[in-house]
Amino acid sequence: KITTMKMCRLYRHFFLLDAVFVILSLSLVTPATAMSVQVGNLDAVDSVTTIINDAYRIGETGILVDTPDDPFSRATREEVVQMMQEKQILTLSAQDKVIGCIKVFALEEDGVAEWGCLAVNEENQRKGFGKVLVQAAEKHLKEQLGCNVAQLELLAPSSWKHGHKERLREWYQRIGYSLAKQDYASSTMCLPEGSLLGDRFVLATDGDFTCYRKKL
């Protein structure tokens, strides 16, 4: 049974509309690439919409329904505009080109904030830019939102291994995230195939919705 509280978590996860009101500008420089991370960059709306949808179309393959009659789209342009206006999206630029993004927002639980919607364009994946975005998000959650715990949520199949999701799970653990509660079962919401998420996305398989946390 999906309770009202659980549906609120799913709505957050799939629509990402919570408000953050602080603008952050952080410059990072490496010998090879000058990078910058910004919040609420409305000039990047089209790039961010494309990056999110391209990344999630691959990442959610086999998990969410994606057919010619019901094509999968992780975020609409209007949703990205709203998130930008509410200062929720951090964008990563390298050599003045937007190459990735991440979502940040505070939760109702005191001291806890969440990041999600992490995406890097295909040509720049597996180059460390995802870690740069996560570090920027954690810095924002701690210094701007005053939170000492970061949370993320992972949707994966219940009964079979999804290569992309398992790589993500291992990566989250390597960068310091562990199950939010004492074990997998208590940290996970199990959803049956056909469940409707956020009034828009349909599960193509049974899914586990697992919460991970890290102390900042």
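**Strand S3 and its surroundings**

Strand S3 and strand S4 (residues 97-106) run antiparallel and are joined by six bridges. This is a predicted model. Among the bridges between these two strands, Leu90 has Ile102 of S4 as its partner. S3 and S4 form a hairpin with two residues between the strands, and in this hairpin Gln95 adopts a positive phi near 55°.

S3 is also joined to strand S2 (residues 34-39), again in antiparallel fashion, by five bridges. Here Leu90 of S3 is the bridge partner of Val39.

How many of the six residues of strand S3 (residues 89-94) are buried? Six of the six are, so the strand is largely enclosed by the rest of the structure. The burial applies to both faces: Ile89, Thr91 and Ser93 are buried on one side, and Leu90, Leu92 and Ala94 are buried on the other.

Is Thr210 buried or exposed? Its relative accessibility is 0%, and because buried means under 20%, Thr210 counts as buried. Leaving aside residues up to four places away in sequence, Thr210 touches Leu152, Glu153, Leu154, Arg169, Leu179, Tyr184, Ser187 and Thr188. With one of these, Tyr184, Thr210 also makes a side-chain to side-chain polar contact of 3.4 Å.

The cysteines can be considered next. Cys147 has a relative accessible area of 7% and is buried, whereas Cys190, at 58% relative accessibility, counts as exposed. The two fall on opposite sides of the cut-offs, because buried means under 20% and exposed means over 50%. A disulfide requires a pair of cysteine sulfur atoms within 2.5 Å, and by this rule the count is zero.

These details can be set against the chain as a whole. The secondary structure of the protein chain consists of five helices and 11 strands. The chain has 216 residues, and 52% of them count as buried. Of the contacts in the chain between residues at least 6 apart in sequence, 70% join residues at least 24 apart. The chain exposes about 10800 Å², with carbon and sulfur atoms supplying 50% of that area.

Definitions and conventions
Residues numbered from 1 in each chain as written. Predicted model: local features only at pLDDT ≥ 70, side-chain atom pairs only at ≥ 80, totals over all residues. Heavy atoms only, no water. Buried < 20%, exposed > 50% of the residue type's maximum accessible area, 1.4 Å probe, protein only. Helix = DSSP H or I, 4+ residues; strand = E, 2+ residues; numbered from the N terminus. Contact = heavy atoms within 4.5 Å. Areas by Shrake-Rupley, 256 points an atom, 1.4 Å probe, with all protein chains shown as cover. Polar contact = N/O pair within 3.5 Å; in protein donor to acceptor, adjacent residues only side chain to side chain. Pairing = 2+ DSSP bridges.
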